Amino acid sequence: MQLIRRISRSHLFRNAVFVGAVYATSECLQQKTYGEKRDIAKVRRMAIWGLVFNGPGNYGWYKVLDRMVPGHCVKTALKKVLVEKVTISPVWVCSFYVVLSMLEGQPDIFSEAKEKVVPTYLVGLSFWLPAQALNFVFVPRVYRVAYVGVAGFVWANILCYMKRQRLNETSDEPKAAECQQAPPNTLVT
């Protein structure tokens, strides 16, 4: 019982659960937005991504980043944002597609990442640069993963949208009719 209390009080545990819930909720919202039938398997995969990979990974990353670049002033915040965007952000974006492809049982777990990492990374820069600047200046380290989780709700919806895009397609918007007719576990536009 004491172990359960310790775990539930753990910042790592709470942040991981929170981020898992954010990604699962984002997938539910995207399914509703595009008129898709509820696909619990997709929701579960997004929850696993947040709970097992993104939440704990970000928790550890912020600890490392704070040791690498200590402080909270504007100049330090800009350094942290730059370090993050040049080092870990491309890894997270690529990992998102690879891990979800693995969870989907795709035969080539890298094909989707090859097509989507660069566009997703560029969209991420426009979203996360200002979000992380605010994070590093104003948010105490212990709350950073939660803050990123809240900002991440918007980002997770962007990722869910990007995930739905067909490979090698030029259209920027999914067609609602195709979303409704697509079988589960397929990429749709």
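**From one residue to the whole chain**

Tutor: Happy to. Let's begin with Tyr-147, which sits in helix H7. Keep in mind as we go that this is a predicted model.

Student: OK, is Tyr-147 buried or exposed, or partly exposed?

Tutor: Tyr-147 is partly exposed, since its relative accessible area is 23% and the cut-off for buried is under 20%.

Student: And what does Tyr-147 touch, leaving aside neighbours within four places in sequence?

Tutor: Its contacts are Ala-131, Gln-132, Leu-134, Asn-135 and Val-139. Take Asn-135: it lies 12 residues from Tyr-147 in sequence, with 7.2 Å between the C-alpha atoms.

Student: Let's switch to Trp-128. Where is Trp-128 found?

Tutor: Trp-128 belongs to helix H6. It is buried, with a relative accessible area of 8%.

Student: Which residues does Trp-128 touch, not counting those up to four places away?

Tutor: Lys-85, Ala-133, Val-148, Ala-151, Gly-152 and Trp-155. There is also a pairing across the sequence to look at: Trp-128 and Val-81 are 47 residues apart along the chain, and their C-alpha atoms are separated by 8.5 Å.

Student: What about Ser-111, buried or exposed, or partly exposed?

Tutor: Ser-111 is partly exposed, at 28% relative accessible area. Its place is in helix H6. From Ser-111 to Val-98 the C-alpha distance is 8.6 Å, and the two are 13 residues apart in sequence.

Student: Zooming out, how many helices and strands are there in the chain?

Tutor: The chain has 8 helices and 0 strands. Reading along the sequence, you get α-α-α-α-α-α-α-α.

Student: How much of the chain counts as buried?

Tutor: 41% of the 189 residues. As for contacts, if you take those with a separation of 6 or more, 67% come from residues 24 or more positions apart.

Student: Now the core. How many residues does the largest nonpolar core have?

Tutor: It has 34 residues, and the ones with the most contacts inside it are Tyr-23, Trp-49, Tyr-62, Phe-96 and Tyr-97. The elements giving two or more residues to this core are H2 (11-33), H3 (40-68), H4 (74-86), H5, H6 (111-138) and H7 (141-164).

Student: Which element gives the most to this core?

Tutor: H7, with 9 residues. As general background, nonpolar side chains tend to be buried together in soluble globular proteins.

Student: On to helix packing. At what angle do H3 and H5 pack?

Tutor: About 155°, with the axes 10 Å apart. That makes H3 roughly antiparallel to H5. The crossing of H3 and H5 is right-handed.

Student: Which residues make that contact?

Tutor: On the H3 side they include Met-46, Trp-49, Phe-53 and Trp-61, and on the H5 side they include Trp-92, Phe-96, Val-99 and Leu-103.

Student: And how do the axes of H5 and H7 cross?

Tutor: At roughly 60°, coming within 12 Å, so H5 and H7 are oblique to each other. Their crossing is right-handed. Phe-96, Tyr-97, Leu-100 and Glu-104 of H5 meet Leu-159, Met-162 and Lys-163 of H7.

Student: One more pair: how do the axes of H2 and H3 cross?

Tutor: Those axes come within 7 Å and cross at roughly 145°. H2 passes H3 in a right-handed crossing. Among the residues in that contact are Val-19, Gly-20 and Tyr-23 of H2, together with Met-46, Gly-50 and Asn-54 of H3.

Student: Last topic, confidence. What is the mean pLDDT of the chain?

Tutor: The mean is 84, and 84% of the residues reach 70 or more.

Student: Where is confidence lowest, and where is it highest?

Tutor: It is lowest in helix H8 (residues 176-181), with a mean of 39, and highest in helix H5 (residues 88-104), at 96. Over residues 173-189 the pLDDT is below 50, and this stretch has 41 contacts in the model beyond near neighbours in sequence.

Technical notes. Residues are numbered from 1 along each chain as its sequence is written. This is a predicted model: local features need pLDDT of at least 70, side-chain atom pairs count only at pLDDT 80 or more; totals for chains, interfaces and linings use all residues. Side-chain values use heavy atoms; hydrogens and water are left out. pLDDT is the predictor's confidence in each residue, from 0 to 100. Helices (H or I, at least four residues) and strands (E, at least two) are DSSP runs, numbered from the N terminus. Contact means heavy atoms within 4.5 Å. A nonpolar core is a set of buried Ala, Val, Leu, Ile, Met, Phe, Trp, Tyr and Cys residues joined through side-chain atoms within 4.5 Å. Buried means under 20% relative accessible area, exposed over 50%, partly exposed in between (1.4 Å probe, protein chains only). Axes are lines fitted to C-alpha atoms, for helices over the stretch in contact, and angles run from 0 to 180 degrees between N-to-C directions. Angles under 35 degrees count as roughly parallel, over 145 as roughly antiparallel, 65 to 115 as roughly perpendicular and the rest as oblique. A crossing is left-handed if the near helix is turned anticlockwise from the far one by less than a right angle, and right-handed if clockwise.
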